[in-house]
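User: Please look closely at one part of this model and describe how it is put together. Give the cut-offs for the terms you use.

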Amino acid sequence: MRISEKLAKKLLLKRQRHLKWRAFDVLEITLMILCGVLLFGFSTTVMFDIVTREIGRPWLWLQEVTQTFFIYGIFIGAAVATRRNDHLYLTAVADALHGIPRLVAEIVIRLVVLGVAFCLIYFGYKNFLRGFSSFRMPSLTPIASLYAAIPIAGSLIALFTIEQLVNGCRKGFDHPEPQEDLLATTPILTVPSSVRRP
Amino acid sequence: MSAPLILGLMTVLFLFFGYLGVPVAFSLMAGVFIGAAFTDVTFPAIVQKIFDGMDSEALLAIPFFLLVGELMSSANVVSRITNLSLALVGHIRGGLSQVVTVFSMFFSEMSGSTTADVAVISRALGGPMKKEGYSPAFTAAIIAAASTIAALVPPSITAVVYGAVGNVSIAGLFMAGVVPGFMIGFGLMIYCYIFGPAGMRRPRAAFRDVAHAFKDASLPLMIPIILLGGILTGWFTPTEAGVVAAIWILAVVIPSLNRAHIRLLPYDFCIAGLIFSLPLITIGAANAFGWMLAYLRGAIVIAEWITSIAGNDPHLIMLMMVLLFTIIGDFIEPVPTIIIFMPLVNALTVAGDINPVHMGVVLIATLAFGLITPPYGLVLLMASKFIGVRFSQALRAALPIYVVFLGTIAFAIYFPKVVLWLPKQVIPESVGCFKNPSGPGYICPP
């Protein structure tokens, strides 16, 4: 198996498989890779920013590129985290419920997220249009180029939420998960879903 | 609808959605959008506030510190730090519990993240502690308590957020966090020595062994030196220091210590790229919530209420803030708490004529304490799951440890000169000092 295939397989989260359509797996992998590329991108531009400044020939446009990678990284990450259920949670009372109460709670959760996603799409789009009248210095690129990240992320969040809502209503949200070895399998900086307090 | 009612509605909705299982960022946004519907504030303005919350240069440091933590753990170079900690304090009564604390003091200075700390320490020392007969409840409690040091000492991500949002010197917060951070560390060591299980007795490591362990761990140990050295000498901003530390790991540490890990770096970047977005989208949402709190004069009302009781007494104001943040910190995570309540913190800092760095360190220490208190002690919760013990049992074992935190917070409130001594020596401007126009040295506020 090639390294890229191995990476793709590793990046696709196995958790809550019953809430996912296989057709969107490619999108999840693509967005995860994009997260890595954006992080690598702004790490590189910050590094070049330091180097060019230290040698006395700063490239001013680097800060704009860094800002673009950074903002898109946040919104794309937030979108893919919706599909992976990797967001930060206060707790998940819903996880402790079963049967109809669980179904109702899970639907309410998705409807709230969907509502927020539609606000991000619609009002984010309005801000995007308004952003053509303001410009970023020194390149004079319209600030709309940054604001575009909001409706894009909103659309992806809505898409993934609808995916979970449809699959959850059809197959049920309450599904036994394979027992995972928390210490071995969890990226260290996220709180695994099974750690969230019921 | 009146302003207090709207604020109440926003808060209730946020907590209801949050505790139901809606992600924190979306709970905050939902509360703000619904609250804004009853005011003159337009929805595009709210979206703009969400965007503005994350569009800050200072916040750029967060991804790099998270990347450093992820690379350090993923590349499995932490075993060298474990060996060093063992050589240094493994022989002291308490054995591995002392090692946990010292390990955390080292690792905190590389990751800046409490959740990274708790995961790494559980992974590195949870198993050995179990084998040596430490009770799982005590193991989870001491690991969780030690992990909170990361919230205080540089490169604390909580301090980065506090500094970026509150317009307080991040370098000053880093330096001022060192004394309370190490107080918690040494307090935990004393607690383990007197009250903890004796553990397995080991002979004191010979000087040669300690020197060998230092040599083995020297490459990872350069990271705090790069971070602090770069920031303190003024060469780098915290963001740039984070980049340089990441480059150090990528170019030197991993190729030297774990060459086989190089092919896994793309995966590390993808995961770190996802992880950094999670606190930042929450910061954006919390910024909109905090802005609504200020817009509806909620911050002023709470500030007036606190000053009506505490007057202008800085100690009393800080004690009331500690009480407020302890209660809030029991339900909400540190980052959103800081952002939502920053207008209130700013108002009270001015009212009590308190040094902003001093106020910041006291509140960050309080929020770190909130990470191991019920009902939502995130770090204790993670430790109990990783170690495999019930949360209630870990909580009981953690109760006596609270004394260490309460003592540290009280010390930080009543001895600002000690807390601010280090930043005053190293970066005087960070705590409000300015260059003496008629001579050498600095003039500092009393």
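Analyst: In chain B, 75% of the contacts with a separation of 6 or more are between residues 24 or more positions apart; contact means heavy atoms within 4.5 Å. The model is predicted, so local features need pLDDT of at least 70 and side-chain atom pairs count only at pLDDT 80 or more, while totals for chains, interfaces and linings use all residues. Residues are numbered from 1 along each chain as its sequence is written, chains are lettered from A and ligands numbered from 1 in the order in which they are written, and side-chain values use heavy atoms, with hydrogens and water left out.

The secondary structure of chain B consists of 24 helices and two strands. Both kinds of element are DSSP runs numbered from the N terminus: helices are H or I with at least four residues, strands are E with at least two.

On overall dimensions, a compact globule of 446 residues would have a radius of gyration near 22 Å, and the 22 Å of chain B agrees with this. The radius is taken over C-alpha atoms, and the globule rule is 2.2 Å times the number of residues to the power 0.38. Along the principal axes, the C-alpha atoms of chain B fill a box of roughly 70 × 60 × 45 Å.

Of the 446 residues in chain B, 62% are buried. Buried means under 20% relative accessible area, exposed over 50%, and partly exposed in between, with a 1.4 Å probe and protein chains only. The accessible surface of chain B is about 15700 Å², and carbon and sulfur atoms contribute 67% of that. These areas come from the Shrake-Rupley method with a 1.4 Å probe; for residues, only the protein chains shown count as cover.

As for charge, chain B has 20 positive and 18 negative charges, whose mean positions lie 16 Å apart. Lys and Arg count as positive and Asp and Glu as negative, with His and the chain ends not counted; each charge is placed at NZ of Lys, CZ of Arg, CG of Asp or CD of Glu.

B:Gln98 belongs to helix 6 of chain B, which covers residues 96-111. With a relative accessible area of 1%, B:Gln98 is buried. Leaving aside residues up to four places away in sequence, B:Gln98 touches B:Val89, B:Ile92 and B:Arg93, and also B:Met189, B:Cys192 and B:Tyr193.
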